[in-house]
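Please examine the sequence and the structure shown below before reading the report.

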Amino acid sequence: MSIDGMQQKNVHYFPGHMRKALNALLPMVKAADLVVEVVDARAPFSTRNQLFAPMVGNKPLLVVLSKSDKADANITKAWVEYFAKNGITAISSDLKKERVLSILSRAAEPLCRSKREKEAKLGMKKQPLRLLIVGIPNVGKSTLINNLAGKAVAKAGNKPGVTRAEQWIKISNDFVLLDTPGILPMHYEDKNQAISLALLGSIREEILPNHQLYEKLFDFLRTNYPNCMEKRFAIENLDETSPEAVLDAVAKKCGLLLNGGEPDQEKATLRVMKDFQNTDLGKISLERPE
């Protein structure tokens, strides 16, 4: 969708705890009233898990575009519209600054209308909606849960695979939810997806060589955000600079030098990718809806 042009080769990454969690997920889906799939707003395509779709089936689905504070706002808006055109309700939010409960409540109401109508027909009081939170590692599931609960009830981390055991959490009189471990597909037919996930930190960077990740990030930035390094590293236009020259400039700017005084391109590579993840290069989205 955006990080393209690399030789196609399957990338395998499926730790044992993820396989176990996937096997246990189906009965949880059946027990839920609404499945909430969390994706990274910077790469909504790559951070969706195709393994979830057949499990969700006809169950109401809400997609939450997390980390919108790190993404290109115009692109995020286009993604929300894209999901809507494809019959999927999506919302975006800065989970660290905005309280999402009211936003989620408004979005969930029409999706769960049939449940409410059934309760009313049976003369039942409104029951708390059971939300199932799913998503691949490091997309913000635990941050969303803590946001909804208004306190730290789920462990969050910036490395894939922090969440392990499932836990039911009451967040209000209207909602209880279940957090699940981050589950990745067994392999990626399209290596570009694996590149996006590695750049975002959803799979460990060592799965792919750093120089390949940097080269693809550089090509993408040169095409879509050519001035993103001007403020940070005084590199005015990536169109007029080679990938190696950028690394040399970054190394000299940050004092990343070898013993002989030459630029340490390996450390500069890691610095550029980390600055991308931390939005020090600006708010950047890796994927656009087709």
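The report that follows describes a helix, its aromatic residues, a nonpolar core and a loop residue.

This is a predicted model, in which local features need pLDDT of at least 70 and side-chain atom pairs count only at pLDDT 80 or more, while totals for chains, interfaces and linings use all residues. Residues are numbered from 1 along each chain as its sequence is written, and side-chain values use heavy atoms, with hydrogens and water left out.

**Helix H3**

Helices (H or I, at least four residues) and strands (E, at least two) are DSSP runs, numbered from the N terminus. Helix H3 covers residues 73-85.

Buried means under 20% relative accessible area, exposed over 50%, and partly exposed in between (1.4 Å probe, protein chains only). The buried residues of H3 are Ile75, Thr76, Trp79 and Phe83. Seen down the helix axis, they fall within an arc of 100° (taken from the directions from the axis to the C-beta atoms), so they line one face of H3. This buried side packs against S3 and strand S4 (89-92). On the face turned away from it are the exposed residues Ala73, Asn74, Lys77, Ala84 and Lys85. Just after H3, Gly87 takes a positive phi of about 75°.

**Aromatic residues**

Rings of Phe, Tyr and Trp (its six-membered ring) pair if their centres lie within 6.5 Å; planes under 30 degrees apart count as stacked, over 60 as edge-to-face and the rest as tilted. Two pairs are listed here.

| Pair | Centre to centre | Angle between planes | Type |
|---|---|---|---|
| Trp79 and Phe83 | 5.9 Å | 35° | tilted |
| Tyr82 and Phe83 | 6.0 Å | 70° | edge-to-face |

Trp79, Tyr82 and Phe83 form one aromatic cluster. Tyr82 is partly exposed, because its relative accessibility is 26%.

**Core and loop**

A nonpolar core is a set of buried Ala, Val, Leu, Ile, Met, Phe, Trp, Tyr and Cys residues joined through side-chain atoms within 4.5 Å. The largest has 81 residues, and Leu132 is one of those with the most contacts inside it.

Pro60 lies in the loop between helix H2 (52-56) and strand S3 (61-66). Contact means heavy atoms within 4.5 Å; not counting residues up to four places away in sequence, Pro60 touches Asp33, Leu34, Val35 and Leu111. Pro60 and Cys112 are 52 residues apart in sequence, yet 7.0 Å apart in space, C-alpha to C-alpha.
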